[in-house]
Amino acid sequence: MTKTIIGYPRIGEHRELKFATQKFFKHQLTEDELLKAAKDLRDKNWATLKATGLDQIPTGDFSFFDTTLDTAFLLNIVPKRYQALGLSPLAEYFALARGYQGPAGDVKALSMKKWFNTNYHYLVPEFDADTQIKVGDWQLFAQFKDAKEQGLNARPALVGPYTLLQLSRFLDGKQAEDFVPALIDAYSEIIAKLASLGAEWIQLDEPALVYDQTIADKALFTSLYQPLLAHKHGAKILAQTYFGDVTDALSVLASLPFDGLGLDFIEGKANLDLVTSAGFPEDKVLFAGIVNGKNIWRTNYDQALATLVQLDQVAPQLVLSTSCSLLHVPYTTRNEDQIAPEELQYLAFAEEKLTELADLDAARNGDNAALQANETLFSKPRYQENAAINAKIAALKPEDYERQPARKERLALQAKEFHLPVLPTTTIGSFPQTPAVRKNRAKFRKGEISEEEYTAFNRAETKRWIDIQEELGLDVLVHGEFERNDMVEYFGDELEGFRFTANGWVQSYGTRGVKPPIIWGDVAGTHPITVAETVYAQSLTDKPVKGMLTGPVTILNWSFPREDVSPKLSTEQIALALADETLDLEKHGIKIIQIDEPALRENLPLRKKDWFSKYLDWAVPAFRLVSSKVQPTTQIHTHMCYSEFGDIIEAIDALDADVISFEAARADLTLLDILHDTHFETEVGPGVYDIHSPRVPSEDEIVTIIHKILARLPQEQVWINPDCGLKTREEPEVLASLKNLVAATKQVRKELAHESQPTV
């Protein structure tokens with residue numbers, strides 16, 4: 001065995017799974033038809049993997065929504081509120097992922113968080129007093145049997161017990177340790193069953209090991225695996241890590257009878273020094289993550305082979321692999337016609353990375369044809385530097401990152417400027433991208449309508465939604481973003497230095513796909529981007545309309561970044577372009593400007609010691625650079641969602657925004673205590689309902705949530721808004737939810753007014 005991968009994309013080369021699943025949600029496909037569509041996609045993936053000569057093909061990496069949810073569902077970690085619905089297994093699975101509102105009941109979805117330092121999201125399993133862990137019959141076994149029947153050397157994979165516990169939520173006073181015995185029994189049963197079905201190797205994903213590990217963490221890991229590995233039922237167990245190094249955990253991994261260890265040598269650069277200095281266990285196979293699974297640039301074969309030479313000296317049993325699952329990159333460059341061939345040759349998506357593994361394997365065995373072609377590619381300059389923008393970066397001074405006067409003084413001036421009511425209501429920015437909106441964009445891109453016709457349609461939608469917002473009674477309005485396909489791609493398309501794919505879709509969560517831009521070279525702004533549409537919307541109403549920008553850190557983190565310069569440089573280049581846009585909006589009378597940073601935490605280093613020195617020390621100033629020159633009366637908002645912000649809350653406050661809206665409802669408002677305890681200074685809008693679920697919150701439900709917010713934060717500091725943008729929702733859901741949001745806010749305002757009246 002010489003080459004394999006950790007996992008493969010699953011939404012379909014042309015997003016077939018997304019569209020099939022959405023039809024299922026709309027009752028346009030039966031369960032059997034959805035299962036058939038999924039099988040067809042798996043078969044196609046497996047055929048591709050087999051054709052490239054992989055020695056082992058992972059199974060269990062395919063999911064209808066999320067593999068962490070798959071593992072929890074397999075183990076019956078399903079809270080009673082979902083079981084009580086009495087749904088079919090597939091419908092119950094989707095109720096966990098999306099919530100459910102129908103004849104069987106009304107439940108919210110599980111919390112959703114970012115998967116380590118990626119733009120992928122996972123569903124957070126819940127353990128409580130009623131949790132009864134037992135092995136069910138969900139996906140894993142059937143997929144493995146199917147692969148075996150097709151003659152594949154399949155390696156079943158699932159989330160390991162340690163990472164499952166580390167990423168889960170515990171209620172009713174329960175702790176991770178309470179479930180160790182049951183998990184050992186369940187995973188032992190899974191291993192036994194897979195072994196009986198013919199599994200030679202079984203992959204247990206343990207990426208939580210790349211975080212800082214305490215003595216207690218390592219004791220928990222050992223308490224799980226020592227008994228589990230004592231009875232492997234004839235199978236070989238691979239402990240697979242990714243996204244970082246295992247500095248704190250290698251000794252524990254080496255001491256336990258794993259048969260293989262999967263290490264990342266791309267993001268986990270310290271792993272190379274670790275295994276060359278400390279050595280690698282002779283009784284284990286090293287699955288070396290040598291091809292980048294998260295970025296789309298061609299592998300430099302000379303560099304990869306130099307690493308392999310060092311690894312060969314310490315690990316006689318070596319398998320070439322990817323640094324992580326290829327879930328995080330698009331399917332193939334074969335479908336790309338928007339990027340010039342001379343540039344496309346520098347890119348490698350999932351399918352091309354399979355070829356890279358084969359090329360590296362061949363080069364190790366003396367076949368240098370691919371190596372020579374790769375060396376020729378890397379000997380040529382890929383782009384021309386923009387010296388002017390880099391000179392501006394070099395000339396920046398500390399005062400360019402500071403806004404004056406201080407926030408407290410600014411907020412007082414803004415209160416007089418806007419005269420907003422207590423608990424002002426707003427939305428995050430986008431409204432539904434209906435089929436008509438998408439059709440209008442597609443016709444314009446195909447040249448079937450003129451730019452004037454395209455703009456006229458979007459402006460009609462903007463006017464309709466301005467009227468709707470005024471009728472609903474929202475206090476601060478948005479224009480709806482009907483001209484924007486994606487919040488990052490839209491800006492990248494207007495800036496120098498980006499490239500765009502035609503079909504480079506990557507799964508973000510469930511049926512949600514994103515098409516990240518590629519930061520090709522130096523980034524620069526050349527013209528106003530959002531001014532015309534925002535000014536048009538403001539002309540339709542006397543209420544303030546927010547200018548909507550995507551922040552520089554999010555544009556970086558939600559793009560495929562360069563590997564030849566620092567992320568700091570790219571981010572500062574983007575920030576300078578956005579700073580010009582901010583001043584253009586202000587000059588044209590836009591008094592509230594939202595600079596979204598939902599991905600601020602996304603590239604936070606997984607080791608705490610690196611948080612500031614390698615990331616926050618430049619990411620926070622980059623945001624401040626965008627807004628530092630606006631007037632004190634111009635109110636700067638930002639928005640963040642679906643990440644754990646509590647441990648970097650002081651850095652978030654240091655962004656020096658005037659108002660921050662957070663995703664909070666789906667996480668059960670757990671952020672409120674942190675905001676309270678840290679004396680968070682920025683005005684804040686904790687989201688009062690989850691927009692990633694189709695369910696509509698009632699007015700009473702939102703009233704209860706607002707009361708919870710006011711129990712922890714002063715009313716003068718609080719805004720009321722949804723968790724996130726509304727582009728993915730259906731119009732009836734949005735209208736009903738916002739109607740209840742405004743009505744609930746007005747009810748609480750009345751209560752507050754009554755409470756403030758003096759008693760006689």
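Colleague: Which residues touch the most other members in the largest nonpolar core?

Modeller: Leu75 and Phe258 do, in a core of 140 residues. A nonpolar core here is a set of buried Ala, Val, Leu, Ile, Met, Phe, Trp, Tyr and Cys residues joined through side-chain atoms within 4.5 Å. Buried means under 20% relative accessible area, exposed over 50%, and partly exposed in between, with a 1.4 Å probe and protein chains only. Keep in mind that this is a predicted model: local features need pLDDT of at least 70, side-chain atom pairs count only at pLDDT 80 or more, and totals for chains, interfaces and linings use all residues. Residues are numbered from 1 along each chain as its sequence is written, and side-chain values use heavy atoms, with hydrogens and water left out.

Colleague: OK. Which helix gives that core its largest share?

Modeller: Helix α8 (residues 180-196), with 9 residues. Helices (H or I, at least four residues) and strands (E, at least two) are DSSP runs, numbered from the N terminus.

Colleague: And what does Phe258 touch?

Modeller: Not counting residues up to four places away in sequence, Phe258 touches Phe221, Tyr225, Leu229, Ile237, Ala239, Leu253 and Lys284. Contact means heavy atoms within 4.5 Å. Apart from that core lies another, of 94 residues, with Leu585, Ile590, Tyr615 and Leu671 among them.

Colleague: Let's do helix α9. What does its buried side pack against?

Modeller: The buried residues of α9 pack against α7 (161-166), α8, β9 (201-205) and α10 (250-255). Those buried residues are Asp217, Leu220, Phe221, Leu224, Tyr225 and Leu228.

Colleague: What about its length?

Modeller: It agrees with expectation, because the 14 residues of α9 (residues 215-228) should span 20 Å at 1.5 Å a residue and the end C-alpha atoms are 20 Å apart. The expected span is 1.5 Å times one less than the number of residues.

Colleague: How far does α27 reach?

Modeller: Helix α27 (residues 699-710) has 12 residues and reaches 17 Å from its first C-alpha to its last, close to the 16 Å expected. Its buried residues include Glu701, Ile702, Val703 and Ile705, and the buried residues of α27 pack against α26 (671-677), β22 (683-686) and α28 (731-756).

Colleague: Switching to rings. How many aromatic pairs are there?

Modeller: The structure holds 31. Rings of Phe, Tyr and Trp (its six-membered ring) pair if their centres lie within 6.5 Å; planes under 30 degrees apart count as stacked, over 60 as edge-to-face and the rest as tilted. One of the pairs is Phe73 with Trp138, edge-to-face at 4.9 Å centre to centre and 70° between the planes. That pair links distant parts of the chain, 65 residues apart: Phe73 is in helix α3 (residues 67-74) and Trp138 in the loop between β6 (126-127) and α6 (140-149). Both Phe73 and Trp138 are buried.

Colleague: Which aromatic cluster do they belong to?

Modeller: One formed by Phe24, Phe25, Phe62, Phe64, Phe73, Tyr93, Phe94 and Trp138.

Colleague: Which charge lies over the face of Phe25?

Modeller: Arg98, at 3.6 Å from the ring centre. Arg15 also has its charged end over a ring, that of Trp505, 3.6 Å from its centre. The rule is NZ of Lys or CZ of Arg within 6 Å of the ring centre and within 35 degrees of the ring normal.
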